[in-house]
Amino acid sequence: MAILTLLQAVNDALHTKMRDDERVTVFGEDVGPKGGVFLATEGLTREFGERRCFDTPLSEDGIVGAAVGMAVNGLLPVCEIQFQDFIFPAFDQIVSEAAKLRYRSGGQYTAPMVIRTPYGGGIRGGLYHSQSGEAYFAHTPGLKVVIPSTPHDAKGLLIAAIEDPDPVLFLEPKALYRSLKGEVPEGSYTVDLSTVRTAREGSDVTVFCYGAMVPVCEKAAATAAEGGIETHVVDLRTLLPLDEEAVLDAAKRTGRVVVVHEAPRFCGYGAEISALIAENAIEYMEAPVRRVTGFDTPFPNTLEHHYMPDERRVLDAIEGVASF
Amino acid sequence: MTETLKMIEADGSAPSFNGALDDKALVYCYRTMLMVRAFDDICMKLQRSGRIGFSIPNKGVEATQVGAASALRSTDFFFPSYRDFGMALHHGAEPVEMMHNMFGNASDSARGRQMPVHFSFTKPLRFFSISSPIGTHLPQAVGAAFASQAQGKDDVSLASFGDGGTSSTGFHSALNMAGVWKAPVIFLCQNNGWAISLPSSGQTASDGYAIKAKAYGMPGVTVDGNDLLAVNQAVSEAAERARAGEGPTLIEAFTYRMGGHSTSDDPTKYVPAEELEKWAKKDPVLRMQRFLAQRGLWDEALEATLQAECAAEVAAAAKEAQGTPAPTLETIFSDVYETLPNHLRRQGEQAFDLAARKGDADAGGGAFPL
């Protein structure tokens, strides 16, 4: 098995699916000969030609709108939005078009397509190269929202997303693109969407997280273990549709829950996890659910390390719920 | 800019008509125009009597719709606005299918989820599911056109929109991208004078809409939109270019919305009466009728027959649709995803349970088929 970075795993998934299925078409800003600003699409134009991987004008709603049109006419589009921060011109195409198409046409038209986009902080990108907008999209019936946190999952989830019959927003934690390496099987394989991954077993506190927060939570869990607290870390990896049963099982297991995300707190994804537990498992809970999140502010540049949840903040929450 | 294409003169003669449509096709076009009007008429009555909630009248723009449809194949991909259903009728969509949508009943292809007039057909033509937000279908038409070309097919996409649509983000994105890609797409701007209550003069400061094509590197042509033959020719020429790999065209068709934006709108509040009178004299149906009469293809007897046929067909359609029950509760939850996710299954079962316990007058029984 090859040892790849998360970025290489994404690239490997695209190569693998494009070899398997000539309908797969990759496009976006600078994704062609340059291979994308992060090089996620490097080598695709060379191997598959300009018809299969190409640059588009700087037009996010055009990119996603064209993807919808391709999807309803026989291709499997995998488009890239250069940064998730730039996705909002395409919000209408994602939320009102791709996500609603099956429903509004009674299944006559469907949009099997993937929108890949790097999200999240940690690269000194300031307000507009750092955001975590998953909650806007997880609120959208008809859309699937997937966030990998390991190279293995990045490849398997991306292939599953391309094969999925519904539109998938595939958010890639750019902070992990090159900082994380792991074993990645060769050839095609999938990781089922709407399944969670247990990143660490523990019996005292359950931490729910996803994307770039997973390694942060794993580190905090390791430190907590030194102090005698065994933390169960769950990587949600598909935010919509969520495997609610798995979340409730993991919450009931310890009765003490921390939810961690980079995005702002108010109406963030952690609120949904917290409400899900309150509605369905309150009798199992030994402590109030704690959220560790970005602040309810825009994303700062110089002080981003204070904005983003780090090991220190997660550990503090773990200790807090453990001792409640 | 070229001169505005026009073929049918006021007296019904059309000296430049080259026989692109044969006699049978010409009469069929006229019949579609009458069918659009008949469908509109009955929908207006159904709405005013409270049987349906909403409708969008097409009076005045029939020649543009039918002229464009008659220039294209059923395998081409139509990306319509909500004032385009004449295109679907012309390619054989059944009025009863459309009427099921007007009533939002269990036989509606959209299963009662959309407002009236938001049709969707995959056969007998590819008539893309209509969206209410303006201009979103333009980039989609470009993507579909790209896909046709990429798969070696010579199908074209038609994106149809009003003058208001040219101010949308989608218009710019789509024309720009189509120009760069040389995509086989036809942009049909139906300049019908009004975007709800905003006159065309408030929509753009440019000299019309066709001129905007220049900035996107494609031809822009203007056509008399109340002249079915001229629209047919303009769209035929654009389709030919597109099929030959020569890229997109923007067509601006001058026509006029002779009714309100919708049944919820009162145009007498903002449309000058004299303007409406002026355009009423240019009624596209009468214009086509005069042309057919000149060619010996129309007489009072034919008119009576066609009118009666269309009226009977839409009345039968309305009767059938009105007698069809509402969709069952299950249809709220299906078609969100291909496979019903667990959370939706749970929400559905809770709704069915409540309906069973507390009663529900018209939702019907709820159960998932799985």
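How many residues of chain B are in contact with chain A?

## The side of chain B that touches chain A

In this predicted model, 38 residues of chain B are in contact with 39 residues of chain A (two residues are in contact if their C-beta atoms, placed from the backbone, lie within 7 Å). Helix H5 (137-150), helix H6 (169-181) and helix H11 (342-358) of chain B each give two or more residues to this side, and H5(B) gives the most, with 10 residues. Helices are DSSP runs of H or I with at least four residues, strands are runs of E with at least two, and both are numbered from the N terminus.

By class, this side of chain B has 17 nonpolar, 17 polar and 4 charged residues. Ala, Val, Leu, Ile, Met, Phe, Trp, Tyr, Cys and Pro count as nonpolar, Asp, Glu, Lys and Arg as charged, and the others, Gly among them, as polar.

## The two domains of chain A

Chain A is assigned domain 1 (2-184) and domain 2 (197-322), with bounds from an automatic or database domain assignment. Their centres, taken over C-alpha atoms, are 26 Å apart.

Between them, 26 residues of domain 1 of chain A are in contact with 24 residues of domain 2 of chain A. Helix H6 (134-138), strand S6 (144-146), helix H7 (151-163) and strand S7 (168-173) of chain A each supply at least two residues of the domain 1 side. That side has 14 nonpolar, 8 polar and 4 charged residues.

## Basis of the numbers

Residues are numbered from 1 along each chain as its sequence is written, and chains are lettered from A and ligands numbered from 1 in the order in which they are written. Local features need pLDDT of at least 70 and side-chain atom pairs count only at pLDDT 80 or more, while totals for chains, interfaces and linings use all residues.
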